[in-house]
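Here is a friendly walk through one protein chain, written to be read beside the model. Please keep the sequence and the 3D view open as you go.

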Amino acid sequence: MSNQQDVIAELLNSVREKDSDKEEEKSYGEEHLTQLRTACDNFLRKEDFKVGQIVKWKKDLKNRKLPQKNQPAIVVRVLDEPIVSTDDESSSPYFLENLDIVLGVMSNDGTFLTFYYDSSRFESY
């Protein structure tokens, strides 16, 4: 199973868990809340990218298999009008995602691949 499928399966399992008076409520500490706030702030802080610029995932915002964590990607195109993901499952992390940047990465076998992403998830390398 891919990392993406693992994350989705984990999310679905957590949603399927029954709420019961017998089950203990999870407690999230300050560290979790700080991480949540920081990830949100990072997501909302948008950079202007240019073709040829090298970028990487922002901390805690990687939602795709490629590029890998800390793997450089190159900006191939910045879209004037974002493409809105057509994923029709509102529980999917890709539901109505704004895909506004095309990035190129090198695969493990040395092939140059391009993919569409939400630029809010990236920062300068």
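In this predicted model, the side chains of Lys56 and Glu123 form a salt bridge, with 3.9 Å from N to O. A salt bridge here is a side-chain nitrogen of Lys or Arg within 4 Å of a carboxyl oxygen of Asp or Glu. Lys56 sits in strand β1 and Glu123 in strand β5 (residues 122-124), so this pair links distant parts of the chain, 67 residues apart. Helices (H or I, at least four residues) and strands (E, at least two) are DSSP runs, numbered from the N terminus. Lys56 is partly exposed at 22% relative accessible area, while Glu123 is buried at 19%. Buried means under 20% relative accessible area, exposed means over 50%, and partly exposed lies in between (1.4 Å probe, protein chains only).

A word on how to read the values. Residues are numbered from 1 along each chain as its sequence is written, and side-chain values use heavy atoms, with hydrogens and water left out. Because the model is predicted, local features need pLDDT of at least 70 and side-chain atom pairs count only at pLDDT 80 or more, whereas totals for chains, interfaces and linings use all residues.

**Salt bridges**

Side chains of opposite charge can pair when their charged atoms come close. By the rule above, the count comes to 6 salt bridges. Three of them are set out here.

| Pair | N to O distance | Accessibility of each partner |
|---|---|---|
| Lys46 and Asp100 | 2.8 Å | Lys46 46%, Asp100 11% |
| Lys56 and Glu123 | 3.9 Å | Lys56 22%, Glu123 19% |
| Glu97 and Arg121 | 3.6 Å | Glu97 7%, Arg121 16% |

What does the salt bridge between Lys46 and Asp100 tie together? Lys46 lies in the loop between α2 (30-44) and β1 (54-57), and Asp100 lies in strand β3 (residues 98-106), so the pair connects parts that are 54 residues apart in sequence. Lys46 counts as partly exposed, and Asp100 as buried.

The side chains of Glu97 and Arg121 also meet in a salt bridge. Salt bridges with shared partners join Arg64, Glu97 and Arg121 into one network.

**The nonpolar core**

Which residues make up the largest nonpolar core? It has 10 residues in all: Phe49, Val55, Trp57, Ala73, Val75, Ile101, Leu103, Val105, Tyr117 and Phe122. A nonpolar core is a set of buried Ala, Val, Leu, Ile, Met, Phe, Trp, Tyr and Cys residues joined through side-chain atoms within 4.5 Å. Strands β1, β2 and β3 each supply at least two residues of this core, and β3 gives the most, with 3 residues.

Phe122, one of the core residues, touches Glu47, Phe49, Val55, Lys56, Trp57, Lys58, Pro67, Leu103 and Tyr117, leaving out residues up to four places away in sequence. Contact means heavy atoms within 4.5 Å.

Glu47 is worth a look from its own side. Glu47 is found in the loop between α2 and β1 and is partly exposed, at 22% relative accessibility. Beyond neighbours within four places in sequence, Glu47 is in contact with Phe122, Glu123 and Ser124. The C-alpha atoms of Glu47 and Ser120 are 7.4 Å apart, although 73 residues separate them along the chain.

**A surface patch**

Val76, Met106 and Phe112 make a nonpolar surface patch of about 260 Å². Patches are made of residues with over 30% relative accessible area and no salt bridge; like charges are joined within 9 Å, and nonpolar side chains (Val, Leu, Ile, Met, Phe, Trp, Tyr) within 5 Å. Accessible areas come from the Shrake-Rupley method with a 1.4 Å probe, and for residues only the protein chains shown count as cover. Phe112 lies in strand β4 (residues 112-117) and is partly exposed, at 46%.

**The whole chain**

The chain has 2 helices and 5 strands, in the order α-α-β-β-β-β-β along the sequence. Buried residues make up 26% of its 125 residues.

The mean pLDDT is 87, and 81% of residues reach 70 or more. pLDDT is the predictor's confidence in each residue, from 0 to 100. Over residues 18-22 the pLDDT is below 50, and this stretch has 1 contact in the model beyond near neighbours in sequence. Where pLDDT is low, the predicted coordinates should not be read in detail.
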